[in-house]
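Please look over the sequence and the structure shown below before reading on. The report then takes up a few places in the chain, one at a time.

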Amino acid sequence: MRWILNQLNEQPCTTNFLLDFQFLIKLFIYKSMECSRFLTFICFSLSFLVLGTYELQSSQTQVLLQLRKQLEYPKQLDLWLNTSTDFCYLSTPQVNITCQNNLVTGIVIFGDEQKRVSNFNEFRVSDGTLSQNFSMDSLVATLSRLNRLKSLSLVSLGIWGSIPDKIHRLQSLEYLDLSWNFLYGSIPQTLSRIGQLQIVKLDGNFLNGTFPDWFDSFSNFTSLSLRNNLLSGSLPSSIRRITTLTAIVLSNNAISGKLPNLSTLSSLQWLDLSENKFDSELPNMPKGLKTILLNNNSFSGRIPQQYGQLNQLQQIDLSFNTLKGTPPAGLFSLPGIISLNLASNVLSGSLPMRLSCGAKLGSVDISNNKLTGLLPSCLSSVIKTRGIKYGGNCLSIDLSHQHPETYCAEPHEEKKKSEGKNLGVLIGVIVGVIVIMGLLAYGFLVLCRQYCPRGTSEQHLLHKSVQDNSVTGFTSELLTNARFISDAAKLDSQGTPAHRLFSLDELKAATNNFDKSTLMGEGSTGKMYKGRLENGTQVAIRCLTVSKRYTIRNLKLRLDLLAKLRHPHLVCLLGHCIQNEGKDESGVNDVYLIYEYVPNGNYQARLSEINPEKILKWSDRLAILIGVAKAVHFLHTGIIPGFFNNRLKANNILLNQHQMGKLSDYGLSIVVQESDEHKAEGGLKSWHIKRMEDDVYSFGLILLHSLIGPSFSARNETFLLNEMVTDFPYSTQCTQRRIYSKAETVK
């Protein structure tokens with residue numbers, strides 16, 4: 001503010017004084033990026049207030065009273081009870097109305113500070129959201145009657161719902177702040193039709209979906225803040241075209257992929273992308289940046305030398321990534337640098353002893369890396385005005401807090417060059433060996449399946465004669481022994497959440513008491529619901545009714561066995577719940593299986609797609625088929641005895657956000673038995689699958705469907721098989737065997 005007063009002292013008293021003051025107020029906004037939200041908003045509102053405030057029109061007063069009603073009479077608006085008072089002259093730290101020419105141009109209402117809940121599942125939250133009668137549509141419709149509204153701030157008021165498409169009706173809006181409410185869903189594209197919009201703040205909500213790629217349609221857009229939401233996907237390259245941007249704040253989301261080169265954003269001063277899932281190398285940055293926060297991601301590679309030339313930089317945090325190499329010396333000597341955090345990476349090498357540090361540098365953290373040698377004198381602990389953290393390296397000082405030198409040893413450069421020269425030869429040899437081993441493994445597998453005796457476990461897995469001490473013909477101790485999961489499967493399952501027991505109350509809370517709106521479908525194996533757990537994780541919940549021919553102990557052993565099936569191309573079973581636990585006499589137990597939620601639909605729907613832009617390319621189909629083949633191979637060989645009744649259908653192959661195929665409904669035969677009386681289309685019997693070859697047969701039908709496409713569903717199975725045998729009996733079988741063999745080889 002002192003800076004503004006100095007500027008005013010230099011201005012002559014002319015008729016343009018108010019316009020100059022308005023300009024200075026706006027400029028102060030960008031000078032005070034670290035100010036509180038309220039101070040920033042008040043500064044923005046003053047730019048409209050200084051032009052004059054007059055008695056408010058009665059129609060405008062009625063709109064404000066209607067707004068108070070829709071917000072369910074918050075105590076902050078009790079000052080509006082006297083309707084004879086001009087609202088433009090009523091102001092508190094939490095409420096402010098800005099007017100111009102008898103019309104409302106700005107609204108700011110701050111509610112009480114609310115804690116962010118972790119179990120919000122898009123339903124009303126007691127003591128958190130407004131009531132069930134609240135409507136975002138009605139709120140926007142009411143606000144649109146204020147046709148000169150330029151700034152709107154409704155913060156921490158319990159507003160909930162999705163942002164409606166009619167948001168574009170606020171045509172005059174320049175400033176929008178709906179932070180710390182309960183908004184969910186995606187940001188509507190109609191927001192881009194508000195041509196004058198400059199600042200958007202939607203922090204602390206539950207917005208999901210991918211980051212919008214249309215923000216570049218704004219002509220004067222300056223600030224975007226979407227921190228503490230649930231956004232995913234990648235950051236679109238279109239953001240590089242918003243050259244007026246001064247601040248980007250997207251921290252604490254789930255945005256992943258490559259960070260675009262932002263060096264074209266010449267006005268950018270503040271960049272906060274911390275606590276996301278970016279996994280690319282660091283790109284070059286705009287020269288005018290003052291703050292860079294990229295911590296808690298998965299950035300790799302070296303820190304660009306260009307970062308040592310960002311002369312306006314004051315704070316940079318690159319901690320908790322996987323950056324390597326020696327940090328640029330220029331970073332430490334930038335003229336304005338105050339805070340530098342490079343902790344918890346894999347930085348290596350030694351810092352130059354003649355390293356110079358900027359005069360304003362007050363905090364440096366290079367701990368938990370692989371740096372060696374001595375610390376430069378400017379990073380010495382003798383300097384009391386500079387906080388230095390350097391533990392967890394291999395430095396030659398303070399040895400009690402350093403690793404041994406072997407911890408930070410790097411391969412010799414000459415060895416690396418030699419390995420690079422021989423890399424091509426090595427790859428060729430490895431590929432040849434893999435092909436030969438794959439052929440041998442396939443031949444050995446065929447011989448074993450044909451001549452080796454089979455245990456009775458596969459045939460009697462679901463028969464009533466199964467004893468309590470055995471689920472599949474093996475003892476309980478044998479079934480629960482983790483050694484029967486292959487080492488490869490254990491490696492593939494690293495990072496997946498542990499299987500756990502759920503309570504029925506948890507599942508009811510996740511699905512709003514199994515509301516019809518959460519029902520995704522119903523089949524021969526029960527109903528499937530979509531839910532959201534307390535920690536925000538989306539799940540799919542399958543409800544099964546299981547006969548009490550199994551004791552509870554036997555049923556739990558079967559579910560524990562199913563829980564051991566972990567593979568990257570299997571839909572992960574997160575846990576289960578047995579409702580009755582044998583306590584009633586209904587003759588059945590209600591069993592709930594909780595799976596990870598796979599968002600991109602199923603393979604069947606994508607194969608039937610007729611839109612040319614959405615049709616899967618053959619390379620994508622092949623990648624999905626190979627992934628499913630790996631999963632089937634694991635089900636056959638990854639645990640003893642193998643699982644051979646896996647419901648292989650195209651609509652049981654689900655696609656995640658990366659178009660990776662995941663097999664669902666596998667292994668359910670050990671929990672619930674389907675009827676054997678179903679007939680397949682065309683007269684073929686539905687087999688009770690007991691052999692590996694039958695799973696391969698089903699996989700062959702999926703492969704055939706992938707080759708033929710939409711015409712597959714229009715013909716019955718018998719006709720297609722006869723047609724294939726007549727037209728190309730050998731090529732289809734060979735292709736099927738090659739893909740299955742490739743899965744065995746990869747495993």
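## Basis of the model

This is a predicted model, in which local features need pLDDT of at least 70 and side-chain atom pairs count only at pLDDT 80 or more, while totals for chains, interfaces and linings use all residues. Residues are numbered from 1 along each chain as its sequence is written, and side-chain values use heavy atoms, with hydrogens and water left out.

Helices (H or I, at least four residues) and strands (E, at least two) are DSSP runs, numbered from the N terminus.

Strand E1 covers residues 95–100, and strand E2 covers residues 103–110. The two run antiparallel and are joined by six bridges; two strands count as paired if DSSP finds at least two bridges between them. Strands of a sheet pair through backbone hydrogen bonds, either parallel or antiparallel. E1 and E2 form a hairpin with two residues between them. Asn 101, in the turn, has a positive phi of about 55 degrees.

E1 is mostly covered, and six of its six residues are buried. Buried means under 20% relative accessible area, exposed means over 50%, and partly exposed lies in between (1.4 Å probe, protein chains only). Val 95, Ile 97 and Cys 99 point one way from the strand. Asn 96, Thr 98 and Gln 100 point the other way, and these residues on both sides are all buried.

## A sheet of three strands

Another group of strands forms an open sheet with the order E4-E6-E8 and parallel pairing. Its edge strands are E4 (160–162) and E8 (206–207), each of which pairs on one side only. Strand E6 (residues 182–185) pairs with E8 in the parallel sense over two bridges. Within this sheet, Gly 185 stands opposite Leu 207 in E8.

## Leu 289 in its loop

Leu 289 is found in the loop between strand E13 (277–278) and strand E14 (291–293). Is this residue, Leu 289, buried or exposed? Leu 289 counts as buried because its relative accessibility is 0%.

Contact means heavy atoms within 4.5 Å. Neighbours within four places in sequence are left aside here, and Leu 289 is then in contact with Leu 268, Gln 269, Trp 270, Leu 271, Gln 312 and Leu 313. Leu 289 can also be compared in position with Gln 315: the two are 26 residues apart in sequence, and their C-alpha atoms are 9.3 Å apart in space.

## Positive phi in two loops

Glu 122 is not a glycine, although it has a positive phi of about 70 degrees. Its place is in the loop between E2 and helix H5 (136–143). Glu 122 is partly exposed, with a relative accessible area of 29%.

Asn 512 is not a glycine either, and has a positive phi of about 55 degrees. This residue, Asn 512, is in the loop between helix H10 (504–510) and strand E25 (519–523). Asn 512 has a relative accessible area of 33%, so it is partly exposed.

## Salt bridges

A salt bridge is a side-chain nitrogen of Lys or Arg within 4 Å of a carboxyl oxygen of Asp or Glu. How many salt bridges does this rule give? The count comes to seven. One of them joins Arg 532 to Glu 122, with the closest N and O atoms 3.5 Å apart. Arg 532 lies in strand E26 (residues 526–532) and Glu 122 in the loop between E2 and H5, so the pair ties together parts that are 410 residues apart in sequence. Arg 532 counts as buried, at 9% relative accessibility.

A salt bridge also forms between the side chains of Asp 203 and Arg 227, at 3.2 Å from N to O. The pair links distant parts of the chain, 24 residues apart: Asp 203 is in the loop between strand E7 (199–201) and E8, and Arg 227 is in the loop between strand E9 (223–225) and strand E10 (247–249). Asp 203 is buried at 2% relative accessible area, whereas Arg 227 is partly exposed at 28%. In a further salt bridge, the closest N and O atoms of Asp 665 and Arg 542 are 2.8 Å apart.
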